[in-house]
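Here is my note on the model, as numbered points. Please read it with the structure open.

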Amino acid sequence: MAEVLIKNLYKRFGSVVAVNHIDLDVQDREFVVLLGPSGCGKTTTLRMVAGLEVPDEGQVQIGGRDVTYLAPRDRNIGMVFERYALYPHLSVFENISYPLRVRRWPEAKVRQRVQEVAETLRISDLIGRKVNQLSGGQMQRVAIGRAIIREASVFLLDEPISHLDAKLRSHMRGELKRLQREIASTAVLVTHDQLEAMSIGDRIAVMNKGNIQQFDRPGRIFNLPANLFVANFVGEPSMNFLDCALVRENGSFRLEAPGLRAKVDEKWLKGSKVLSAGSDSRLVLGIRPEHVRLCSGRQSGHEYCGEGKVYVVEPLGSEVIYDVEIGKSIVRIKVFEEEAKRLAVNMGDSVLLEFPSESIYLFDKESEKTLAQAGFALAEEAKA
Amino acid sequence: MATTVRQKRARPRLLEWQVQHNWWVYLILAALSIASVLPFLWVVLTAFKDRLTAFSVPPTWIFKPSIESFVTLITFRRMHKFLLNSLIISVSATVLSVGIGTFAAYTLARFRFAGRDDVAFWILTNRMLPPVAVIIPMFMIFQTVHLLDTHIGLIILYTGMQLPFVVWMLRGYFEDIPRALEEAAWVDGDSWFAAFRKITLPLVTPAITATAIFVMILSWNEYAFALFITGPNSKTLPPTVVTFMVERSVEWNQLGAACIFIALPILIFVLFVQRYFVRGLTMGMMRQLEKGRQAE
């Protein structure tokens with residue numbers, strides 16, 4: 001069993017708190033991703049799991065064993081470093097076989113194991129080469145080979161694909177996920193790339209300023225963000241946020257922002273935390289670019305929220321992104337190509353926006369916590 | 001009968017702009033070269049003159065060579081003993097200062113501790129100290145601890161003198177090696193020392209070699225302390241030059257021979273190791289790796 005348990009982990013560098021009393025559990029054979037911007041504490045956390053940093057407080061357990069103060073070599077881990085950290089004066093074979101040679105494995109077994117790993121990673125033809133003759137992608141696979149060769153209990157990865165070019169990165173995302181399933185090892189990966197986290201992780205821990213904002217499955221992180229930070233961090237383009245106020249008129253509720261008014265479902269509101277938050281709490285309306293509906297002219301059957309002017313159009317091939325100026329804010333809308341063609345909207349055009357009430361999120365402006373999750377997400381959740 | 005032609009390594013050709021077309025540049029270069037080499041040439045020539053020829057005025061360029069001065073040096077002045085002293089002391093000082101300095105440099109490069117930069121600067125300032133300023137106090141200290149005219153005394157002194165240089169040179173090279181390499185070795189199962197020995201050390205070996213060569217040369221040529229701290233037992237070669245001034249005349253041929261004695265061993269040494277010296281100073285295992293990655 002190789003679960004990783006982090007309890008009350010705390011680490012400070014001088015006056016800066018890098019990791020602020022976090023708890024995390026990684027189940028056996030689970031692939032957990034630590035996601036967050038630079039300086040959020042994700043790498044420090046990983047290094048404390050690896051044994052390269054010693055926590056000021058708290059505990060790290062691997063496979064039920066308290067490893068908090070053990071040296072890395074006693075933790076039975078494999079690690080891939082951000083810039084691969086391959087030994088430049090050794091060949092590819094010597095790099096990959098290093099962990100086995102250190103433990104004095106018999107040469108024949110070492111050679112066999114290296115062959116196996118090289119085949120899995122498709123680098124069999126590179127075995128004899130010197131490390132400085134490899135490309136970035138090849139170096140990365142050698143680094144992965146070195147990490148997995150011993151079949152350690154936990155496999156740690158520190159931004160392993162950040163330094164590859166975009167195409168290779170998107171290819172390696174899938175490869176890493178497959179590999180983890182194949183070797184059936186517990187794995188923890190650190191990244192600042194939300195796309196990477198979403199595609200690879202079984203569960204994602206979103207971190208900011210040393211704290212875990214939310215630790216959940218990718219689907220829930222995306223559709224049911226716990227706070228404004230998570231909602232903003234995940235999703236490309238990011239969620240639109242508009243300061244608004246809740247207005248009650250003739251028994252129905254309305255959200256009002258400069259240039260915008262959106263109707264909201266009373267039942268939904270009553271089931272959320274919005275009303276209990278108090279009338280002076282200021283709200284932030286959140287809606288994802290792919291949920292906003294754009295119309296060039298008024299059509300019946302639609303409840304329009306506001307009118308705006310197209311600030312810029314970004315055609316991305318399969319999708320088009322419109323930046324629409326409404327009130328004092330810019331709302332970004334993502335639309336598929338076919339619909340964009342149908343709309344035929346250009347820069348400077350006046351357009352009508354619709355915010356479907358089941359796609360609206362409400363956040364508290366002060367605490368940034370999510371007060372009301374979008375209706376569609378709640379419905380999906382209830383079905384599951 | 002088939003003949004196999006041995007492939008000659010293609011000599012790199014100069015580009016058009018690299019070929020020097022101005023003849024007067026060569027003239028200046030020649031003049032400077034002669035001016036630089038002439039004094040040394042004269043010394044070497046003088047060494048092979050007998051006593052009378054050495055004193056002749058005007059100086060003679062063509063003469064019958066004799067090894068009289070060398071013989072005198074060895075039999076009468078025991079130059080071979082001083083040569084041995086120089087050898088023992090320089091090599092020992094080099095080994096000790098590089099050995100200790102390597103670990104000190106590593107510590108300064110890797111560990112973070114209170115006052116680290118102050119310690120580093122203090123180490124550097126030790127090298128800035130002109131030996132002449134502390135010769136007399138050193139003499140008195142050595143006299144008190146009975147280290148005057150001993151090999152050990154001079155070895156300790158030279159080690160102390162060269163340590164700052166070693167630390168200063170090697171610290172940068174250790175800093176150039178990414179910490180991640182050692183960390184990877186730790187994760188792979190090495191202890192701290194094993195990682196240092198198998199990963200870090202091989203990567204700085206060229207720099208250490210170059211530093212050792214430097215220290216060897218500096219120790220061999222050291223004059224000030226050697227003159228004061230040594231006596232007949234432990235005297236090294238550089239101070240011996242003074243002894244050729246007898247009253248108001250100078251034994252030119254012996255002086256020339258002594259210069260050859262002092263300079264030749266270290267010259268031969270450098271000739272043999274210059275390849276490692278240059279490689280060490282311009283080394284870049286890490287830079288090669290970076291270059292390879294940037295090429296993508």
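**Notes on the two chains**

1. Start with the strand pairing in chain A. Strand S11 (residues 240-249) and S14 of chain A run antiparallel and are joined by 5 bridges. Two strands pair if DSSP finds at least two bridges between them. Helices (H or I, at least four residues) and strands (E, at least two) are DSSP runs, numbered from the N terminus. The bridge partner of Asp243(A) in S14(A) is Val284(A). S14(A) also runs antiparallel to strand S20 (residues 361-364) of chain A, with 4 bridges between them. There, Leu285(A) stands opposite Leu362(A).

2. A word on conventions. This is a predicted model, in which local features need pLDDT of at least 70 and side-chain atom pairs count only at pLDDT 80 or more, while totals for chains, interfaces and linings use all residues. Residues are numbered from 1 along each chain as its sequence is written, and chains are lettered from A and ligands numbered from 1 in the order in which they are written.

3. How enclosed is S14(A)? 5 of the 5 residues of strand S14 (residues 283-287) of chain A are buried, so S14(A) is largely enclosed by the rest of the structure. A residue is buried if 20 or more other C-beta atoms lie within 10 Å of its own, exposed if 12 or fewer, and partly exposed in between; C-beta atoms are placed from the backbone. Leu283(A), Leu285(A) and Ile287(A) point one way from S14(A). Val284(A) and Gly286(A) point the other way, and all are buried.

4. Strand S8 (residues 186-191) of chain A has 6 of its 6 residues buried, so S8(A) too is largely enclosed by the rest of the structure. Thr186(A), Val188(A) and Val190(A) point one way, Ala187(A), Leu189(A) and Thr191(A) the other, and all are buried.

5. S8(A) has parallel partners. Strand S3 (residues 31-35) of chain A is joined to S8(A) by 5 bridges, and the two run parallel. Leu34(A) has Val190(A) as its bridge partner in S8(A). Strand S7 (residues 154-158) of chain A also runs parallel to S8(A), with 5 bridges. Val154(A) stands opposite Thr186(A) in S8(A). From S7(A) the chain crosses through helix H5 (residues 166-183) of chain A to S8(A), and this β-α-β crossover is right-handed. That is, with the strands pointing away from the viewer, the path from the first strand over the helix to the second runs clockwise.

6. Next, the nonpolar core. This is a set of buried Ala, Val, Leu, Ile, Met, Phe, Trp, Tyr and Cys residues joined through C-beta atoms within 7 Å. The largest has 140 residues, and Ala143(A), Leu156(A), Val188(A) and Leu285(A) touch the most other members. Helix H9 (residues 192-221) of chain B provides the largest share of this core, 12 residues. Another core, of 14 residues, lies apart from it and includes Leu73(B), Trp252(B), Ile260(B) and Phe261(B). In soluble globular proteins, nonpolar side chains tend to be buried together.

7. Which residues of chain B meet chain A? 20 residues of chain B are in contact with 21 residues of chain A. Contact means that the C-beta atoms of two residues, placed from the backbone, lie within 7 Å. H8(B) gives the most to the side of chain B that touches chain A, with 7 residues. That side divides into 12 nonpolar, 3 polar and 5 charged residues. Here Ala, Val, Leu, Ile, Met, Phe, Trp, Tyr, Cys and Pro count as nonpolar, Asp, Glu, Lys and Arg as charged, and the others, Gly among them, as polar.

8. Helix H2 (residues 92-102) of chain A has buried residues including Val92(A), Ile96(A), Tyr98(A) and Leu100(A). What covers the buried residues of H2(A) includes helix H3 (107-121) and helix H4 (136-148) of chain A, together with H8 of chain B. Arg104(A) follows H2(A) and has a positive phi, near 60°.

9. Finally, chain B overall. Chain B has 12 helices and 2 strands. Buried residues make up 31% of its 296 residues.
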